[in-house]
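The following paragraphs lead a new reader through the structure shown below.

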Amino acid sequence: MLVASVCVTAIYAGSVSGATAQTPPSRVPQQIVGAFDNLFAGPHEGRRAVHGNGIMLEGSFVPGPNAARLSRAVHLNGGPVPVLVRFSDFAAVPSLSNGAPEASPRGMAVRFMLPDGGDTDLVLHSYNGFPAATPDDFLAFLRSLPNSAVRDAFAARHPAARRFLDAPKPTPVSYATEAYFGVNAFRFTNAEGQSRYARYRVIPHAGQAYLSPSETEARAPDFLITELAGRLAHGRIRFTLVAQLAVEGDDVADGSVAWPSDRPTIELGTISLRAFAQEGDAAQRALRFVPTNLVGGIAPGPDPMLAARTQAYRVSADRRGAE
């Protein structure tokens with residue numbers, strides 16, 4: 001189905017290229033939400049405009065011994081902190097099966113609860129990249145999808161969209177056997193004042209594993225949720241949080257282009273999930289995961305999509321709250 005083609009983050013900062021970010025016009029995030037509504041026959045009451053179907057787990061994050069080299073952020077230094085993690089499927093269709101093509105890319109959102117009572121978020125998905133570099137191009141991409149001729153013409157002019165449309169997006173055996181990517185770059189600063197740009201990655205301890213089309217077809221509509229229940233009954237679900245470091249010449253303002261796999265990485269710590277979250281359904285739907293909900297030691301990079309995503313999430317969350 002057509003909607004399956006849609007997506008829908010040396011130590012000195014000056015060593016990496018990238019244009020200065022511009023806050024997008026206020027209407028563009030609203031129009032992005034409207035374009036998702038058009039794709040998914042929404043809005044659907046009480047649901048997110050995208051990644052509307054999900055499940056939340058709770059657990060902890062333990063920073064790794066090298067995390068402080070990159071950032072002085074409180075959750076990357078010291079002892080464990082509690083986390084909430086929401087896994088989700090892409091299309092905001094209430095009846096969507098976990099195995100439907102529209103369910104990919106999968107989402108993983110992480111909230112770290114900090115010792116001072118605050119929090120900070122990560123928003124990731126299972127495709128290493130994004131179909132557009134700017135809010136205007138992303139809006140145009142979404143609007144092109146209902147018409148195959150318009151979509152193909154757009155993709156012919158925008159290589160990132162073409163890569164996204166052509167990329168395989170298999171169904172995972174489990175949310176716990178999927179890798180997730182934060183496609184936007186952030187500027188990390190350590191206690192010595194040294195800064196470096198990096199992107200997040202989340203790597204499953206269980207390894208990456210996927211189903212064939214026939215195996216997917218044989219699964220129940222909610223198999224990814226029931227699979228998690230069985231997995232949790234046998235122990236914790238663990239992921240390694242990694243920072244992929246930019247080097248000179250890497251574009252930190254364009255999340256549509258993946259950095260080469262040979263870039264250096266730092267293991268930031270381990271996410272360990274023990275149970276389904278105790279919050280009720282209404283509380284989970286109201287929860288906002290915001291990519292620019294940051295703490296000292298981590299700052300937004302110059303990618304204009306960071307501001308657009310934050311504003312679009314606010315539009316969707318405010319609408320849920322009003323409902």
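Does Ser256 count as buried or exposed? The model is a predicted one, and in it Ser256 has a relative accessibility of 6%, which lies under the 20% limit, so the residue counts as buried. Ser256 is located in the loop that links strand E8 (237-245) and strand E9 (265-276). Neighbours within four places in sequence set aside, the residues in contact with Ser256 are Gly129, Phe130, Ala132, Ala133, Ala160 and Arg163. Ala161 is 95 residues away from Ser256 along the chain, yet the C-alpha atoms of the two are separated by 8.4 Å.

Ala161 also takes part in a contact between two helices, H4 and H5. Two packed helices are described by the angle between their axes and the distance between the axes. For helix H4 (residues 148-157) and helix H5 (residues 159-166), the angle is about 120° and the axes are 5 Å apart. H4 is therefore oblique to H5. On the side of H4, the contact is made by Arg151, Asp152, Phe154, Ala155 and Arg157, and on the side of H5 by Pro159, Ala161, Arg162 and Leu165. Of the residues in this contact between H4 and H5, five are nonpolar and four are charged, while none is polar.

Another helix, H1, covers residues 27-39. The buried residues of H1 include Val28, Pro29, Ile32, Val33, Ala35, Phe36, Asp37 and Leu39. An α-helix has 3.6 residues a turn, so residues three or four places apart point the same way.

Most residues other than glycine have a negative phi, and most peptide bonds are trans. Ala41, which lies in the loop between H1 and E1, has a positive phi near 55° although it is not a glycine. With a relative accessible area of 61%, which is over the 50% limit, Ala41 is exposed. His51 is found in the loop between H1 and E1 as well, and its phi is positive too, at about 55°. His51 counts as buried because its relative accessibility is 13%.

Pro43 belongs to the loop between H1 and strand E1 (53-63). A cis peptide bond also leads from Ser104 to Pro105, where omega is near 5°. Pro105 is placed in the loop between strand E2 (81-89) and strand E3 (107-113).

Strand E6 (residues 186-189) runs antiparallel to strand E7 (residues 195-204), and four bridges join them. Within this pair, Phe186 has Ala198 of E7 as its bridge partner. The two strands E6 and E7 form a hairpin with five residues between them, and in the turn Gly193 has a positive phi of about 85°. E6 pairs with strand E10 (residues 298-300) as well, in the antiparallel sense and over three bridges. In that pairing, Ala299 of E10 is the bridge partner of Arg187.

Note on methods. Residues numbered from 1 in each chain as written. Predicted model: local features only at pLDDT ≥ 70, side-chain atom pairs only at ≥ 80, totals over all residues. Heavy atoms only, no water. Expected span 1.5 Å × (residues − 1). Buried < 20%, exposed > 50% of the residue type's maximum accessible area, 1.4 Å probe, protein only. Pairing = 2+ DSSP bridges. Axes fitted to C-alpha atoms, helices over the stretch in contact; angles between N-to-C directions. Parallel < 35°, antiparallel > 145°, perpendicular 65-115°, else oblique. Contact = heavy atoms within 4.5 Å. Nonpolar A, V, L, I, M, F, W, Y, C, P; charged D, E, K, R; others polar.
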